[in-house]
Amino acid sequence: MPKVSRRAPKGDARASDEQNPSDTETLMRTETLLSRFLAAGAQHADPAILQPAATLLNIYGEGIAAQSYVTTDPLTGPQILRPDFTVPVAQSHIASGEKAARYAYSGKVFRQQDRTLDSAREYVQVGYEVFGTSASIADDAEVCARISSVIEHLPLTLVIGDVGILRSAITSLSTTNHRKTALLRHIWRPARFQQLLDQFAGTADLPAFIGDLTRSSSIPLIGGRSPSEIEARALAVQEDARCGPIPAVEVRHLEELLRIRGPVSTCLLHLRELAKRWPNITQNINRMNERVDALRAHGIDANAITFDANFELSSLEYYDGFVFGFFAEHPSIQNPVAIGGRYDALLERIHQGTKTHAVGAAVHINRILQLEARQ
Amino acid sequence: MTLKLGVPSKGHLMEQSFDWFAERGIELVRCGSAREYRGTVSNLSGVDLVFLSASEVPGELSRGRIHLGVAGTDIVEEGMLNPYENVEPLHMMGFDHSQVVVAVPQAWVDVRSLNDLDAVAAEFRKGKGAHLRIATKYPRLTRRAMHTGGVADYVLTESEGDTEVAIWNGSANLVVESVKSDESLQANHLKVLSDGIILRSQATLWRSCNADWSASAQRTLFALTERLLRPHCSAKEAFAGTTPAHRRAAVESLSQARSSRGRNGSATTQAIK
């Protein structure tokens, strides 16, 4: 007799992992945190749950697009259930024309989960965002400390990083701008980043590019690229094939940089050691140093901060400077209780030519309540 | 308790499925008129035929409303999340072969691989402030292929009709579609990227892991598989693959054995975060 497994249909299972605290409890805590942010001088931001899909998905990129719930309105077309608050809040800030401002918000965000039924699809966030006229270290530290102040009763580890250090390292590689741009573009996709780095370092073969690159006139021009665009890129590809590899020593330094993780003071020493051989990253290391001092001035224990050069790069596509997260020491809550960072480039994407800078973070209320329940 | 076997309700796929079972001594019979959506097996008791449109089969299998079903690998991998946790392939049926491919305009002489496509996507974003648009009926397979191939900055245009049309009318820049030969691509001046075959598909007989496998349903399955035995797949092997990894490996080894060309693009299953 063949052995056949019997299993309940998957569709009947319930989301169970994030054992949701009661709605009242969540609501009360949400209100408390929001009022603390408002009391600190933030304006209340309250973006709609339904957002125009085309604009938002264009800003977020395919990573968040694939996770979003999209629906259709008969008059206004595709709409998306907000997958986070940052972009809608930033849009309304830019529309307001103000230069500097602080915002606080609270509410649900919605993400599809395609791996398991055991994760929440909608969860409550309370957030705090600071917009300014420069990428100010004081703002970085203020946001991080503000978030810390509402969760300081919990056993959490603060992990910080700075995408700027990695960016400046890539910019200083001895290679063409074309290759640097490609690497910078894929910082958030570690597998692809490594694939490109291997190609550019000559340790993996460049995809063969042989044969005729001239377009026969009998082939119709379809697909939305002009002949000059196609020819320019064909030339660029041939040029790139002739260009030498990134020196092995630089690749080693870059890989060493990406592995740096540990107590922030030790990591800063390590970074300074790297900077002796690689001066271009010094400025960003100094900024990190100042930032840690600023956090200390806010009363955060600098000895307890973990630095991670590779911090959450794969999940935070729009952050491009300071990044931070608060992690539970409890193994059952692996996702950060709060996470945030600086996203100046995202603002540039929302509004070309903008001179606005922003740093912000959001707290996950359910994770706080779960952690408290376990204590 | 009868065993429910889902088969395609019309066209070539239905005829070929009937023929495939007939060659193995199993005669599928449609009840009443040709329009009726029920049937039986004339020489094996305990089987109910359920006629379904091809795209319905994955859902019915995963909900466990049918025990067995005939569907292409492409339909199952597109239509079902974590397919190999919900179904297992019993037989690759050897017809309805097709490939799901990434095809770009032949005019794009500089684009030969996904690596090139990613570079073009970057230029598009930078130069035109727009994403590269991919027309497809296979959004899940497309996202998976773009993720593993390292292509960023694209958007999907889900298309119901012929996807090539989307390129001609300007609503898409490239397509991911299912093809049986190069002909239609050639005719539309499209070419497949060198690493652009993302799935090789054929009609497959699937077993649902979620159906109610009562003792009588198991007996019927056993009687059925005895008749279906082929040298490449003993009954023991057919039931040995109990983990998702086994089942995926079974599909790959069977489909590779049947295909002389290259690696199977579906080998790297990567869920989107």
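Guide: In general, the strands of a sheet pair through backbone hydrogen bonds, either parallel or antiparallel. In this predicted model, S3(A) and S4(A) run antiparallel and are joined by four bridges, and A:Thr72 stands opposite A:Pro78 in S4(A). The two strands S3(A) and S4(A) form a hairpin, with three residues between them.

Visitor: How many bridges join S2(A) to S4(A), and do they run parallel or antiparallel?

Guide: S2(A) and S4(A) are joined by three bridges and run antiparallel, and here A:Leu50 is the residue that stands opposite A:Leu81 in S4(A).

Visitor: What is the order of the strands in the open sheet of chain A, and which are the edge strands?

Guide: The open sheet has three strands in the order S2-S4-S3 of chain A, with antiparallel pairing. S2 and S3 of chain A are the edge strands, since each pairs on one side only, and from one strand to the next the twist averages 45°. Helix H2(A) packs on this sheet, where it touches S2, S3 and S4 of chain A, and its direction makes about 55° with that of S4(A).

Visitor: Which residues of helix H2 of chain A are buried, and why are they on the same side of H2(A)?

Guide: The general idea is that an α-helix has 3.6 residues a turn, so residues three or four places apart point the same way. In helix H2 of chain A, which spans residues 53-60, the buried residues are A:Ala53, A:Leu56, A:Leu57 and A:Tyr60. They are on the same side of H2(A) because they cover an arc of only 95° around the axis.

Visitor: What covers the buried residues of H2(A)?

Guide: The cover includes, from chain A, strand S2 (50-52), helix H3 (62-65), strand S3 (70-73), strand S4 (77-81) and helix H4 (86-96), together with strand S9 (154-158) of chain B. Just after H2(A), A:Gly61 takes a positive phi of about 90°.

Visitor: Moving from one helix to the whole chain, how many helices and strands does chain A have, and what percentage of its residues count as buried?

Guide: Chain A has 14 helices and 12 strands, and 37% of its 375 residues count as buried. Among the contacts in chain A between residues at least 6 apart in sequence, 72% join residues at least 24 apart.

Visitor: Which residues have the most contacts inside the largest nonpolar core, and where does that core lie?

Guide: The largest nonpolar core has 86 residues, and those with the most contacts inside it are A:Ala104, A:Ile147, A:Ile160, A:Ala169, A:Val337, A:Ala338 and A:Val363. Helix H5 (residues 137-151) of chain A gives the largest share of this core, six residues. The core lies between domain 1 (14-152 + 330-375) and domain 2 (156-206 + 245-328) of chain A, because both domains give residues to it. Apart from this core lies another, of 39 residues, which has B:Val104, B:Ala145, B:Val151 and B:Ile197 among them.

Visitor: What does the domain assignment give for chain B, and how many residues of its two domains are in contact?

Guide: The assignment gives domain 1 (3-96 + 202-267) and domain 2 (98-199) of chain B. Eight residues of domain 1 of chain B are in contact with 10 residues of domain 2 of chain B. On the side of domain 1 of chain B that touches domain 2 of chain B, helix H3 (residues 73-79) of chain B gives the most, with four residues.

Notes: Residues numbered from 1 in each chain as written. Chains lettered and ligands numbered in written order. Predicted model: local features only at pLDDT ≥ 70, side-chain atom pairs only at ≥ 80, totals over all residues. Buried ≥ 20, exposed ≤ 12 C-beta atoms within 10 Å, placed from the backbone. Arc of directions from axis to C-beta. Contact = placed C-beta atoms within 7 Å. Core = buried A, V, L, I, M, F, W, Y, C linked by C-beta atoms within 7 Å. Domains from an automatic or database assignment. Pairing = 2+ DSSP bridges. Axes fitted to C-alpha atoms, helices over the stretch in contact; angles between N-to-C directions.
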